[in-house]
Amino acid sequence: MSDARWHDKLLGGFRRTSDRLTENLTGLFTKSALDRETLDEVEDALIASDLGPATAARIRERLSEGRYERGLSDHELREIVAEEIEKVLTPVAEPLEVDAFPRPQVILVIGVNGSGKTTTIAKLARLFLEQDYGVMLAAGDTFRAAAIEQLRIWADRIGVPIMAGPEGGDAAGIVWDAVKQATATGIDVLIVDTAGRLQNKRELMDELAKIRRVLGRLNPEAPHDVVLVLDATTGQNALSQIEVFKEVAGVTGLVMTKLDGTARGGVLVAAAEKFRMPIHAIGVGEGMDDLRPFDAREVARMIAGIGE
């Protein structure tokens, strides 16, 4: 995908937040100076725009420290909002790096069904292939036959080996075989799909714990990454998913998908402020080129409505 097309699609993912920001802030800067009442209204408007209370409070404080006797233009406000959002996002903009030794680097990918988990695995594999790393996939979501078949299809499309078993098979056993084969064949990165059925947290926790035990016997450092895939269209519900998966899976980083059209991308800011967890990449569609490393400045300016 060209940079221009990527920019246009990504802009769609943050337009809803940007438009809500515009709607909520309209008319708040008619006074010559920012009094306490206006600052309270600004803070409420920022919270209502999905940015979260912590970030809203930071922006309010920044505004209260300034001298705006002559008032504040819409563009000046947006620049301040963008700068403060960028401060929140920059520390968490962290691409996935392949630095494990011995190889392979094992990446567990988790997320609720429908979040785009399986396609995100394929896109991550593609990114690693473009960096000349050897990649293998492991179909550890044995609960759904469709997930296994979909991962097989993606593996064939991008030309990487896959370790899979039957529906209802032992996920930990598949991961064991995958690590052994990856080690024997010089694979750099092993990406493991896992079940995402949060309706039974205990069952999921037990399964992930078993996978971790198996990995630990082969490499005490594995898994090296536990990546949670989030669907941006779920808005604030993404925060509760992070909370639960942190508890059951020990999440180390995030990928947010479906940042196009109806997405509520402002939740990225709330997630970054609340959890301070690495955001590795963001995706805007189903295509193989629709996933890219997370750019804090680009996203901050789009949310503030000055990214066009």
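Tutor: In this predicted model, E79 counts as partly exposed because its relative accessibility is 21%, and R301 is likewise partly exposed, with a relative accessible area of 21%. The side chains of E79 and R301 meet in a salt bridge, with 3.3 Å from N to O. This pair links distant parts of the chain, since E79 lies in helix α4 and R301 in helix α11 (residues 296–303), 222 residues apart.

Helix α4 (residues 74–89) also holds E84, whereas R62 belongs to helix α3 (residues 53–65), so their pairing ties together parts that are 22 residues apart in sequence. Here the salt bridge has an N to O distance of 2.7 Å. E84 is buried at 5% relative accessibility, while R62, at 24%, is partly exposed; the cut-off for buried is under 20%.

A further salt bridge joins K117 and D193, whose closest N and O atoms are 2.6 Å apart. K117 is in helix α5 (residues 117–130) and D193 in strand β4 (residues 189–193), so that distant parts of the chain, 76 residues apart, are linked. Both partners are buried: K117 has a relative accessible area of 4%, and D193 stands at 1% relative accessibility.

For the whole structure, the search finds 17 salt bridges. The chain that carries them has 11 helices and 8 strands, and buried residues make up 54% of its 308 residues.

Note on methods. Residues are numbered from 1 along each chain as its sequence is written. This is a predicted model: local features need pLDDT of at least 70, side-chain atom pairs count only at pLDDT 80 or more; totals for chains, interfaces and linings use all residues. Side-chain values use heavy atoms; hydrogens and water are left out. Helices (H or I, at least four residues) and strands (E, at least two) are DSSP runs, numbered from the N terminus. Buried means under 20% relative accessible area, exposed over 50%, partly exposed in between (1.4 Å probe, protein chains only). A salt bridge is a side-chain nitrogen of Lys or Arg within 4 Å of a carboxyl oxygen of Asp or Glu.
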